[in-house]
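Hi,

Here is the structure I promised to pass on.

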Amino acid sequence: MPPAPAPRLRVDVSGLPRYVPGRVAPSDLVDKLSSNENPYPPLPSVLTSMREELGRVNRYPDAKSGELVRELSEALGVPPEHLVPGTGSLGVARDLLYAAAGEGDEVLFAWRSFEAYPLLVWATGATPVQIPLREERHDLEAMADAVTDRTRMIVVCNPNNPTGTAVRRDELERFLDRVPGDVLVVLDEAYREFVDDTDVPDGVELYRDRPNVAVLRTFSKAYGLARLRVGYAVAHPPVAAALRACTIAFSVSGLAQAAARASLHASDELLERVRTLVTERARVTRALRASGWTVPDSQANFVWLRLGARSRAFTDACEAAGVMVRPFGDEGVRITIGTPEENDRLLKIAGDWRA
């Protein structure tokens, strides 16, 4: 018998840009500095909340994440109807794109930036428009110049992944003033808690009087809940309502809701850990520069080395010495800030490699 015909799928799937997640560490003997994870485990109070929720996993979670929304509303000082939780900031970004863009539309973002953006835009049928970075930072003038009548969304990753650089308040406000009011601007602030530069604006403050601005946040990084996948958007009611219409029901598990709420209750203790990581970021940056490396100022929980064609060689040298870092093709290497001991091992490898 002749073989059965294969299902007909989209012909452009073969050319689809791939999202490449950080690899799983092969053993506990390897320092994983490749996925921008928080190196510290959840606090005891968060673990207790999760254990209590385990006894209810036979029941569906609250589809609206009502208690989490209420507590976020109080913490951020925004109306509950402006908040939409989802499966990490990545899942919320996907749903926002479905709400805003489709075939024939354009979505602008910097490049290199978060590597999932091209994939998410492609899935909507829209056209991704990539604006090259300038000196490792968003070129907001060029992005504003690239807006056309087909532009439906602009994504500004601030701080930017993987370079760690951030745009300042004055330049971002000038940019927002130039963007037409019918174009949605999404400020992806997955690393907001690591910012210590007072000139880097808080997107939630900017969104308040700008109806076309939405903000993405996550519990994955600073709050250390990467495996639970919980994030949220802050947006004005028309955008928030459209986003809810595109969000899959029960997208935030009960376990994730419980852990996120417990993390908010323990925010002072958790943000003390963030300050430790920020201090380590500064130490790692100083040490790398002292060894001759060029390191952009980072406002995230990682640093960026633009190594070009040497990226793979450096990555291999790190792995041979028991440290996983993240290469990005022939562009550069991103290194997550870990514990002081992990960072010391990375610095020794980097120093030896430069010698």
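Contact below means heavy atoms within 4.5 Å. This is a predicted model, where local features need pLDDT of at least 70 and side-chain atom pairs count only at pLDDT 80 or more, while totals for chains, interfaces and linings use all residues. Residues are numbered from 1 along each chain as its sequence is written, and side-chain values use heavy atoms, leaving out hydrogens and water.

Lys221 sits in the loop between strands S7 (213-218) and S8 (231-234). Helices (H or I, at least four residues) and strands (E, at least two) are DSSP runs, numbered from the N terminus. At 16% relative accessible area, Lys221 is buried (buried is under 20%, exposed over 50%, partly exposed in between; 1.4 Å probe, protein chains only). Neighbours within four places in sequence aside, Lys221 is in contact with Ser35, Asn36, Asn38, Ala190, Tyr191 and Phe194.

Now helix H6 (residues 169-178): Glu171, Leu172, Phe175 and Leu176 are buried. Seen down the axis, the buried residues of H6 fall within an arc of 135 degrees, so they line one face (the arc is that of the directions from the helix axis to the C-beta atoms). Asp170, Arg174 and Asp177 are exposed on the face turned away from that buried side. The cover over the buried residues of H6 includes helix H5 (140-145), strand S5 (151-157) and S7.

Cheers
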